[in-house]
Amino acid sequence: MKPDLIATRQAIRQGLSTPLQEAEACLAIARSAACESAFLQLTPESLLDNARRPDVANSPLAGLPISVKDLFDVAGQVTAAGSRVLAAVPAAVQDAPAVARLRQAGGGLLGRTNMVEFAFSGVGVNPHHGTPRAWDALTDQAAGSDAQGHVPGGSSSGAAVSVATGAAFIGLGSDTGGSIRIPAALNGIVGFKNTARRVPTQGALPLSTTLDTVCAMARSVRDAITVHEVLAQRSVARSTAPLAALRLAVPTTVFLDGLDA
């Protein structure tokens with residue numbers, strides 16, 4: 001896994017990197033075979049213009065690239081929810097609140113990510129725009145294997161792959177029945193489903209008007225906390241308890257029955 005947002009933000013503030021250098025590197029990954037079918041639209045001009053802002057390095061997200069699931073309104077773009085049915089609807093006139101908050105915090109819009117059509121699956125398959133490959137496809141390629149990789153999980157499939165490959169530092173998505181948690185687990189990254197209504201759902205095409213939750217995926221737990229603070233506009237108190245003081249429950253039946261080794 002590449003350095004997380006907080007480490008990269010620190011490097012930028014120490015003069016070891018710049019938002020523009022990071023944006024260009026991420027854009028190259030987004031255009032590579034690793035992100036095949038992960039993005040439905042890239043927005044390089046918006047990304048690079050944001051990275052060139054003189055004040056952006058000191059913002060919470062430091063001008064670093066974020067990806068946005070095709071479920072959210074972005075001003076001037078069509079919100080098609082991974083479908084062809086909505087491809088001709090009018091473009092959004094303003095950003096969804098979640099998108100606006102990320103941009104106000106200095107996030108640079110890298111592009112719109114692929115998803116399960118209308119978010120109706122946790123597998124990650126999309127018959128119209130192709131199916132992104134989970135992070136293990138990179139391992140297969142490095143080893144010279146012809147394996148095609150595993151499904152990325154859904155419905156926020158492209159968002160997860162964008163983070164796992166290093167194209168984006170934050171992948172904005174949604175979770176109703178696992179659409180953040182499943183792809184995060186299948187791609188070896190961190191997904192956090194916050195309490196419903198912590199983040200406004202306006203400007204996001206609904207799957208369930210009562211159960212949808214706007215949340216994100218990141219490269220680390222501390223990044224997940226940071227982006228949640230931006231999305232929910234709240235401060236999260238960090239526990240000082242050592243990990244050894246925590247007790248974790250691990251299921252031994254039902255959830256693991258029939259699980260691939």
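1. Strands here are DSSP runs of E with at least two residues, and helices are runs of H or I with at least four, numbered from the N terminus.

2. On provenance, this is a predicted model, in which local features need pLDDT of at least 70 and side-chain atom pairs count only at pLDDT 80 or more, while totals for chains, interfaces and linings use all residues. Residues are numbered from 1 along each chain as its sequence is written, and side-chain values use heavy atoms, with hydrogens and water left out.

3. Strand β2 is largely enclosed by the rest of the structure, because five of its five residues are buried. Buried denotes under 20% relative accessible area, exposed over 50%, and partly exposed the range in between (1.4 Å probe, protein chains only). In a regular strand the side chains alternate between the two faces of the sheet. In β2, Pro65, Ser67 and Lys69 point one way and Ile66 and Val68 the other.

4. Strand β2 also runs parallel to β3 (residues 108-113), to which five bridges join it. Ser67 has Gly111 of β3 as its bridge partner.

5. Helix α4 has as its buried residues Ala98, Val99, Ala100, Arg101 and Leu102. These buried residues pack against β2, β4, β6 and α8 (221-232). After α4 comes Gly106, with a positive phi near 100 degrees.

6. The six strands form an open sheet of mixed pairing, in the order β1-β3-β2-β4-β6-β5. Strands β1 (39-42) and β5 stand at the edges with a single partner strand each, so one side of each lacks a neighbour in the sheet. Neighbouring strands are turned by 30 degrees against each other on average, direction ignored; axes are lines fitted to C-alpha atoms, for helices over the stretch in contact, and angles run from 0 to 180 degrees between N-to-C directions.

7. Strands β1 and β3 run antiparallel and are joined by three bridges, with Gln41 partnered by Arg112 in β3. Helix α3 (residues 44-51) packs on the sheet and touches β1, β2 and β3, its direction making about 160 degrees with that of β3. Contact means heavy atoms within 4.5 Å.

8. Asn194 lies in the loop between β5 (190-192) and β6 (213-218). At 3% relative accessibility, this residue counts as buried. Leaving aside residues up to four places away in sequence, Asn194 touches Val199, Thr213, Val214, Cys215 and His228.

9. Overall, the protein chain contains eight helices and six strands. Its radius of gyration is 18 Å, close to the 18 Å that the globule rule gives for 261 residues, so the chain is as compact as a globular protein of that length; the radius is taken over C-alpha atoms, and the rule is 2.2 Å times the number of residues to the power 0.38. Buried residues make up 50% of the 261 residues.

Terms used. Two strands pair if DSSP finds at least two bridges between them.
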